Amino acid sequence: MMEADHEDGSYDRNKELKLLDETKAGVKGLVDAALTKLPKIFVHDNHKVNVSSSSSSSSATNVSIPVIDLGSLHEEGNSRHEIVQKVKDAGEKWGFFQVLNHKIPQSILDEMLDGMRKFHEQDAEVKRKFYSRDITKRVFYNTNFNFYTTSEVNWRDTLYCLLAPGPLDPHQLPSICRDVIIEYLDHVKKLALTLLELLSEALGLEGNYLKDIDCAEGIFMVGNYYPPCPQPELTWGLSAHTDMGFVTILLQDQVGGLQVFHENQWFDITPFPDAFIIILGDMMQLITNDKFMSAKHRVVAQKVGPRVSVSCSLRQHVQDECQRMYEPIKELVTKENPPIYKEMKMPDLVKLVYTTKLDYDVSSPLKHFRL
């Protein structure tokens, strides 16, 4: 890929963005072309990347990432109460936790990651048919959903699949990973309902509360592919951000690189075999009136790879049928703790994130919905 420089030496960023976009080959195409130097669009504020990377250390303080074992959930005794208490603590302090013994077979997890890897590594001509910037499509792939609005283009490609609500025609899914996506979705839906029950109880509500207000109605799957990066110190795999939805169920391989922000410090999340990472999103923070936090996280670029992850976010997308209004849950609001957010529709948040240049180091997109 050629850099888009003018004769007078000035740099045409927009032209360079278009050049890459029009290849429809993404970051993987650059790696396949044996690129050794990052194109300028990927180079972030150098100082920012270096400082942020070196300041991250989960061992600097004796803080352990919350890990919740769901294995004893249905046993007699206090085990359910103890699990709910751990979920409550994690939701309030981290907005983030890992779950073990979730009853999804390891073979399904391996097949899902393998299927996503195969999609991104298949013949470029086949993959190109899915390349799009039309966010109203139910299934599409591209590099960076915010490619033209962000100042920080990231070193990754992504397959997006809106799996719910509404009937999805399986033939819209890529044939190379279609069967495993359908099978994986069945398992994830069950885990999602279990998590929503625990979160409801952790908020002091009836177990079916979050399900009944349609928190599990939308499922947006994102399959990220982070190729090895020739100059990882200059860019990010995924810049710091919060997730938009209620809850994200994240499956990652063993390459590592994920970091979460907690008490003004970045922590490395060491991959745990057979674990899911559960990330609370902006919508969960909004409906709980800041009782639960939306977790800020990012992925560092690395020379090793590829890193593959599959996240299923419980959220609606931009479709017009998503008309449900959300506001802070009445039972969580008091005279001493009045509502912080106004009533809104989930697609309004999605459209804001997709079309606006946001700086998560400064503020959250939720500021646009504060009263």
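Strand β6 (236-241) supplies the largest share of the lining of the largest pocket, five residues. The structure is a predicted model, in which local features need pLDDT of at least 70 and side-chain atom pairs count only at pLDDT 80 or more, while totals for chains, interfaces and linings use all residues. Residues are numbered from 1 along each chain as its sequence is written, and side-chain values use heavy atoms, with hydrogens and water left out.

A pocket is here an open set of points on a 1 Å grid over the protein atoms alone, with protein on both sides within 12 Å along at least five of seven lines; a lining residue has an atom within 4 Å of a point. The largest pocket holds about 910 Å³ of space, a volume being the space filled by probe spheres set on points joined across faces, edges and corners. Its lining comprises 46 residues, of which Phe145, Leu238, Ser239, Ala240 and His241 lie nearest the centre. Among the elements that each supply at least two lining residues are α3 (46-54), β4 (157-164), β12 (307-314) and α10 (346-355). Helices (H or I, at least four residues) and strands (E, at least two) are DSSP runs numbered from the N terminus. By class, the pocket lining has 18 nonpolar, 18 polar and ten charged residues, where Ala, Val, Leu, Ile, Met, Phe, Trp, Tyr, Cys and Pro count as nonpolar, Asp, Glu, Lys and Arg as charged, and the others, Gly among them, as polar.

A cavity is a set of grid points where a 1.4 Å probe fits but cannot get out. One cavity of 30 Å³ or more was counted, and the largest cavity holds about 60 Å³. Residues lining the largest cavity include Trp155, Tyr226, Gln302 and Arg307. Eight of the lining residues are nonpolar, two polar and one charged.

Helices α4 (residues 79-93) and α7 (residues 178-202) have axes that come within 8 Å and cross at roughly 80 degrees. Axes are lines fitted to C-alpha atoms, for helices over the stretch in contact, with angles from 0 to 180 degrees between N-to-C directions. The two helices, α4 and α7, are therefore roughly perpendicular (65 to 115 degrees). Contact (heavy atoms within 4.5 Å) joins Arg80, Ile83, Val84, Val87 and Lys88 of α4 to Glu197, Leu198, Leu199, Glu201 and Ala202 of α7. This contact has six nonpolar, no polar and four charged residues.

Tyrosine 141 is found in strand β3 (residues 139-142). With a relative accessibility of 0%, tyrosine 141 counts as buried (under 20% relative accessible area, 1.4 Å probe, protein chains only). The C-alpha atoms of tyrosine 141 and leucine 159 are separated by 4.2 Å, although the residues are 18 apart along the chain.

Methods
Angles under 35 degrees count as roughly parallel, over 145 as roughly antiparallel, 65 to 115 as roughly perpendicular and the rest as oblique. Buried means under 20% relative accessible area, exposed over 50%, partly exposed in between (1.4 Å probe, protein chains only).
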